[in-house]
Amino acid sequence: MSKVVLFEHPLNEKMRTWLRIEFLLQQLQASIEITNHQTALTFFRNISELLDVFERGELRTEILKELERQQQKLLAWCDVPGVDTERVEALRQQLKSRASELMAAPRIGQALREDRLIALVRQRLSIPGGCCSFDLPTLHVWLHLDQSLRDTQVAAWIDTLEPLRQALFLILELIRQSGVFRHQTSLNGFYQDNAEGADLLRLQLTLEDSLYPQVSGHKTRYAIRFLPLDSERGEVPARLDFELACC
């Protein structure tokens, strides 16, 4: 059976930011067990990049707007015959709950920004090798604490991001579910279409195609060019079948 590769491409800046935050939160979750310098730096680098992304734009406002927009979309579904109204209402309540939790939470990332150890590590991350024990004795000592103490502190840091994580992951799940994969064919490695009101393109290619999509476009129209992984010897078929969802 063919192995399928999923590509996702944002169609606006808001979605671009959200996908980056989702990626970093997933990386963060995968690196919470800090046992040495290597695992520590992976964790702190993800924290630092998250804080950098948080600085751009009105993140909380955008997410709250989207939670409201998704509620309005679900309301419209209530009038469609045959729809599971209980499921729709449960999702609406979930969206409301996520919005309340996010509004009640402190400024996103504020607790992490104010943490002394995180601040010290962030200052050194841009310097090649700048987190050595002689550069960062505080981190060096912290890595010698009992594992349970480190785990408790890391869990407390992660908890401060929970209102954001829950709200954002619910939004992205609903957006992804809003688009159905449809069979499409590109001609000579090119495909274009309209994307009125869409936020996200999702493409599925088989691994043996040895191709990747290069997407350009904005909120009303997009174009996809398929390029070979091997830029020198790879070829793009005259007709390429792929699956596409516009969400």
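Predicted model: local features only at pLDDT ≥ 70, side-chain atom pairs only at ≥ 80, totals over all residues.

**Exercise 1.** Is serine 210 buried, partly exposed or exposed?

*Solution.* Residues are numbered from 1 along each chain as its sequence is written, and side-chain values use heavy atoms, with hydrogens and water left out.

Step 1: recall the cut-offs. Buried means under 20% relative accessible area, exposed means over 50%, and partly exposed lies in between (1.4 Å probe, protein chains only).

Step 2: apply them. Serine 210 has a relative accessible area of 35%, so this residue is partly exposed.

Step 3: Serine 210 sits in the loop between strand S4 (200–206) and strand S5 (211–217). Helices (H or I, at least four residues) and strands (E, at least two) are DSSP runs, numbered from the N terminus.

Step 4: check the backbone. Most residues other than glycine have a negative phi. Serine 210, though not a glycine, has a positive phi near 55 degrees.

**Exercise 2.** Which loop holds asparagine 188, and is asparagine 188 buried or exposed?

*Solution.* Step 1: find the loop. Asparagine 188 lies between strand S2 (182–187) and strand S3 (190–194).

Step 1: read the accessible area. With a value of 62%, asparagine 188 is exposed.

Step 2: look at phi. Asparagine 188 has a positive phi of about 50 degrees, although this residue is not a glycine.

**Exercise 3.** Describe the protein as a whole.

*Solution.* Step 1: count the elements. The secondary structure comes to nine helices and seven strands.

Step 1: Along the principal axes, the C-alpha atoms fill a box of roughly 60 × 55 × 35 Å.

Step 2: look inside. Of the 247 residues, 38% are buried.

Step 3: follow the contacts (heavy atoms within 4.5 Å). Among contacts between residues at least 6 apart in sequence, 73% join residues at least 24 apart.

**Exercise 4.** At roughly what angle do the axes of H1 and H3 cross?

*Solution.* Step 1: find the angle. The axes of H1 and helix H3 (residues 59–77) come within 12 Å and cross at roughly 105 degrees. Axes are lines fitted to C-alpha atoms, for helices over the stretch in contact, and angles run from 0 to 180 degrees between N-to-C directions.

Step 1: name the arrangement. Angles of 65 to 115 degrees count as roughly perpendicular, and H1 and H3 are therefore roughly perpendicular to each other.

Step 2: list the partners. Lys14, Trp18 and Ile21 in H1 meet Leu59, Glu62, Ile63 and Glu66 in H3.

Step 3: sort them. This contact has four nonpolar, no polar and three charged residues. Here Ala, Val, Leu, Ile, Met, Phe, Trp, Tyr, Cys and Pro count as nonpolar, Asp, Glu, Lys and Arg as charged, and the others, Gly among them, as polar.

**Exercise 5.** Which residues line the largest cavity, and which element gives the largest share of the lining of the largest pocket?

*Solution.* Step 1: know the terms. On a 1 Å grid over the protein atoms alone, a cavity is a set of points where a 1.4 Å probe fits but cannot get out, and a pocket is an open set with protein on both sides within 12 Å along at least five of seven lines; lining residues have an atom within 4 Å of a point.

Step 1: take the cavity. The lining of the largest cavity consists of Leu25, Leu28, Gln29, Ile158, Leu161, Glu162 and Arg165. Helix H1 (13–30) and helix H9 (162–177) are the elements that give two or more residues to this lining.

Step 2: take the pocket. H3 gives the largest share of the lining of the largest pocket, four residues. H3, helix H4 (85–104) and H9 each supply at least two residues. The pocket lining divides into six nonpolar, three polar and three charged residues.

**Exercise 6.** Is aspartate 199 buried or exposed?

*Solution.* Step 1: locate aspartate 199, which is in the loop between S3 and S4.

Step 1: At 6%, aspartate 199 is buried.

Step 2: find its partners. Leaving aside neighbours within four places in sequence, aspartate 199 is in contact with residues including His9, Arg69, Ile175 and Cys247.

How values were computed
Parallel < 35°, antiparallel > 145°, perpendicular 65-115°, else oblique.
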